[in-house]
Amino acid sequence: MIKFFRKIRQKLLSEGKTGTYLKYAFGEIILVVIGILIALQINNWNENRNSRIYEVKMLSEVKFALENDVEYFERMVDRLEALDSTTTTFINLAYNQSLFQDSLFLNEENKGRWYLLRTGIVYLYNSGPYQAIKSSGMDKISNDSL
């Protein structure tokens, strides 16, 4: 292809057709510019496509993290309710000045809940996806309402 254009240029210059050569040169420049613009457009399209893929991936990770956090906090609510019930029972025993008996451990109502008085409750959440979005830039997310 390059040989073909080179032959045309050499033929026009050797024949002394300067005006025709300038038209040819101008046309060749236009073709090069059009080729560059097409390449830039394809590159922009590819970058936008990759950005959308990244956005969907990050939002999927955030959704997964939120679902896991909701499940975790639902378990924590159950645990806090059990702790509240156990604490109330323990406070009632102390308020009534009842003697602590081993039968309290064996009672079906209290069985397995006394350990809650000895342990703390830690609230954890998965901040990984949020930190990833924050470090990569919030501009990667195209939906402003999120």
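**Exercise 1.** How many salt bridges does the structure hold? Find them and place each pair.

*Solution.* 
Step 1. The model is predicted. The structure holds two salt bridges.
Step 2. One pairs E55 with R52, with the closest N and O atoms 2.8 Å apart. The other joins the side chains of E67 and K63, at 3.9 Å from N to O. The cut-off is 4 Å.
Step 3. Now place the pairs. E55 and R52 both lie in helix α2, residues 18–95. They are three residues apart, about one turn of the helix. E67 and K63 are four residues apart in helix α2, separated by about one helical turn.

**Exercise 2.** Describe the chain as a whole: its secondary structure, burial, surface and contacts.

*Solution.* 
Step 1. Count the elements. The chain has four helices and zero strands. Along the sequence the pattern reads α-α-α-α.
Step 2. Check burial. Of the 146 residues, 14% are buried.
Step 3. Check the surface. The chain exposes about 11,800 Å², and carbon and sulfur atoms supply 61% of it.
Step 4. Check contacts. Among contacts with a separation of 6 or more, 75% involve residues 24 or more positions apart.

How values were computed
Residues are numbered from 1 along each chain as its sequence is written. This is a predicted model: local features need pLDDT of at least 70, side-chain atom pairs count only at pLDDT 80 or more; totals for chains, interfaces and linings use all residues. Side-chain values use heavy atoms; hydrogens and water are left out. Helices (H or I, at least four residues) and strands (E, at least two) are DSSP runs, numbered from the N terminus. Buried means under 20% relative accessible area, exposed over 50%, partly exposed in between (1.4 Å probe, protein chains only). Contact means heavy atoms within 4.5 Å. Accessible areas come from the Shrake-Rupley method with a 1.4 Å probe; for residues, only the protein chains shown count as cover.
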